[in-house]
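Q: Could you walk me through a structure, starting with a charged pair and then turning to a helix?

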Amino acid sequence: IGRVARDLGQLQYAKEMFEKAHRICVRVYGENNHRVASCYSDMGRVARDQGQLMDAKELFEKALAVGLKVYGENDPNVADTYRNIGRVARGLGQLEYAKETLLKALTIEIDLHGENNQNVSATYTDIGRLGIRQGNLEYAKEMFEKARLIIVEVNGEDSRKAATCYNDIGRVARDQGLLDYAEEMFEKARSIHAQEYGEKNKTVAADHIEIARVAHLQGKLEYAETMLRKAVAIFNDVFKGENLSASFANQFLALVLSDQGRCEEAGKLCTKALNFQIRTLGEEHSRLGATYNSYGLIFAKVGKTNMAKKMLKKAIAIRVESLGEDHYEVADTYENLGDVFELTGDFKNAEKAYLKALNGRLCCFGAGHKFVLQTRLKLGDEYTVTA
């Protein structure tokens, strides 16, 4: 029941079912039983889906502790748990721990299955995504290419899993500033997904959003708007009415509209998205951090700086609570807040916000990353060497 509820997005009900199953399993079988490990993993997945990454990490670690006692180290269930811990640790910004656990998963999977296996490919993909977070884009590209070669060997060049690899390579290219190549990769993924599922599918809608992100960076605002409106239309058709996927796409669309100078329209769209997300997820859900951040940027563009600061501070509070102080998304929002303070001539508070952004980015990316250099430039020459 819990797994069906999770698939339906009924996360609180799923959590209740898994907790009941856990209590029964512990009472009947004792703590060190494979069923108990499975319950911890299921509860961890729900916590992850709810945005409660710290809780998810704790639950996956409990699953690992039981799994190691029941199965031993060299077991596919243990490898899967190491991978889940790595994914959550990456989300929390605990990048060295993420790398350690993902490499353990990879070692077990290669030992069990050999190199040309889909689980091995999935772990290479996770390590590649970690490379992006670390700012090591060449390493990320190498990992994604390894994943792609396995998928092509096992499933073929135009398979769904190959499309996932194209999307990952596209994200690396986007972050490297290779926007035309990124667009090519995302279009290739979209073409495969459309052929596989048809145009009106949520995966195709997600591809439209990736293409829109590149178009936004290229300054092709009208094309970005077109892609986002296509995505929203597909989500609404698939889910038969208001839904979170369309709401988050509309949040991005609001930013694109504000960049076009259509700030009143953007504000209305962002308000609608935020209200729906609050009704659906609750006011403090981790995913609302991005929406408050977008709202803050829109208010700043129209000169409503007090509201901009209020929204950005709300975004920071939510992101710190769910992700920790040294997460890159927290750093991004501190930098946005610093920009608003600087816009109003409050240079003292701008410096404080930029310093928090700098510290967070140093923890996530290291001293040479482009985002770190960007924040140091805003702080001034004295931080270029010493920060």
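A: Glu-199 is partly exposed at 43% relative accessibility, where partly exposed lies between buried, under 20% relative accessible area, and exposed, over 50% (1.4 Å probe, protein chains only). This is a predicted model, in which local features need pLDDT of at least 70 and side-chain atom pairs count only at pLDDT 80 or more, while totals for chains, interfaces and linings use all residues. Residues are numbered from 1 along each chain as its sequence is written, and side-chain values use heavy atoms, leaving out hydrogens and water.

Q: Ok, and which side chain meets Glu-199 in a salt bridge?
A: That is Arg-190, at 3.2 Å from N to O; a salt bridge here is a side-chain nitrogen of Lys or Arg within 4 Å of a carboxyl oxygen of Asp or Glu.

Q: Is Arg-190 buried or exposed?
A: Arg-190 counts as buried, because its relative accessibility is 18%.

Q: How many salt bridges are there by this rule?
A: The count comes to 35, and one of them joins Glu-61 and Lys-57 at 3.6 Å, N to O.

Q: Where do Glu-61 and Lys-57 lie?
A: Both are in helix α4 (residues 53–71), four residues apart, or about one turn of the helix; helices are DSSP runs (H or I, at least four residues), numbered from the N terminus.

Q: New topic: which residues of α2 are buried?
A: They are Leu-11, Ala-14, Met-17, Phe-18, His-22 and Cys-25. These residues cover an arc of only 140 degrees around the axis, so they sit on the same side of α2, the arc being that of the directions from the helix axis to the C-beta atoms.

Q: And what follows α2?
A: Gly-30 does, with a positive phi near 85 degrees.

Methods: Helices (H or I, at least four residues) and strands (E, at least two) are DSSP runs, numbered from the N terminus.
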